[in-house]
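This report describes the fold of a single protein model. Please read it alongside the sequence and the structure shown here.

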Amino acid sequence: MELGHVYILLNAAMPGYLKIGKTTNSPAERASQLSSVTSIPTPFVVAYSVLVSDCTRVESEIHTRLSKWRANRDREFFTAPLDEVIRELTELSKRFDPAQAQRAIHSANEDIGACPVCGERVVVLAYRYACVNSIEPLNRCRFKLARCILECVIDRRVAQTLMRERKTEILDFFVSISGRKFRAALAIDELGKVEFVFPEHAWR
Ligand SMILES: [Zn+2]
């Protein structure tokens, strides 16, 4: 089960054809990726997309439902009317609510508290702590925190202090790219971006 978008793309050079596919990134990114090839004269535009808990299944179901409109078995192009495809996709997406995928992310990962920005749960991933809403392709929140920043290990207690107070105590030591050690606290701005706060005599 993979959280992602199922999209409908249009291309002015191919009137009457819809391209229906899936992506775990953003549909706009996918459209520009497909438009970058030199064999098509005009770019693809996103006509519609849905975020679903299982983009592979939704894509395959919509392709099956529209099989009589399929231009070529090996291609994702269809001649179905756009409003009909939008109606079908909207209907299908109700059975694949992305909240299901969010719950799956919760249950598979340790939870260390509430996100200071949006209130969702923050989970422990391999290299970072992350608000569930920050995980691709939800992208509805920016709060994430690396578990190690410039050689300084950010343990759960420090992460929780940051989440609760929006800043930490002064941490020893970070090591800059040039190899110098420094001390700093971490703080978060209102959008959830983590930044250094330097005390006096930060550098060693
Ligand atoms: Zn959040």
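## Overall form

The model is predicted. The protein contains 13 strands and 5 helices. Its radius of gyration is 22 Å, whereas the globule rule gives 17 Å for 204 residues; the value is well over the rule, so the protein is more spread out than a compact globule. Along the principal axes, the C-alpha atoms occupy a box of roughly 70 × 40 × 25 Å.

Of the 204 residues, 27% are buried. Among contacts with a separation of 6 or more, 48% are between residues 24 or more positions apart.

## The four-stranded sheet

An open sheet is built from 4 strands in the order β5-β6-β7-β8, with antiparallel pairing. The edges are held by β5 and β8 (144–146); each has a single partner strand, so one side of each is left without a neighbour in the sheet. Direction ignored, neighbouring strands of this sheet are turned against each other by 15 degrees on average.

## Hairpins within the sheet

Strand β5 covers residues 111–114 and strand β6 covers residues 121–124; the two pair in the antiparallel sense over 3 bridges. Within this pairing, Val-122 of β6 stands opposite Gly-113. The hairpin of β5 and β6 has 6 residues between the strands, and Gly-119 there takes a positive phi near 90 degrees.

On to the next pair: β6 is joined by 3 bridges to β7 (residues 128–131), and these two strands run antiparallel. Tyr-129 in β7 is the bridge partner of Val-124. This hairpin of β6 and β7 has 3 residues between its strands.

## The helix across the sheet

Helix α5, spanning residues 156–165, lies across β5, β6, β7 and β8.

## The hairpin of β11 and β12

Another antiparallel pair is formed by β11 (residues 171–175) and β12 (residues 181–188), joined by 3 bridges. Leu-171 has Ala-184 in β12 as its bridge partner. The two strands form a hairpin with 5 residues between them. In its turn, Gly-179 has a positive phi of about 95 degrees.

Notes
Residues numbered from 1 in each chain as written. Predicted model: local features only at pLDDT ≥ 70, side-chain atom pairs only at ≥ 80, totals over all residues. Pairing = 2+ DSSP bridges. Rg over C-alpha atoms; globule rule 2.2 N^0.38 Å. Buried ≥ 20, exposed ≤ 12 C-beta atoms within 10 Å, placed from the backbone. Contact = placed C-beta atoms within 7 Å. Axes fitted to C-alpha atoms, helices over the stretch in contact; angles between N-to-C directions.
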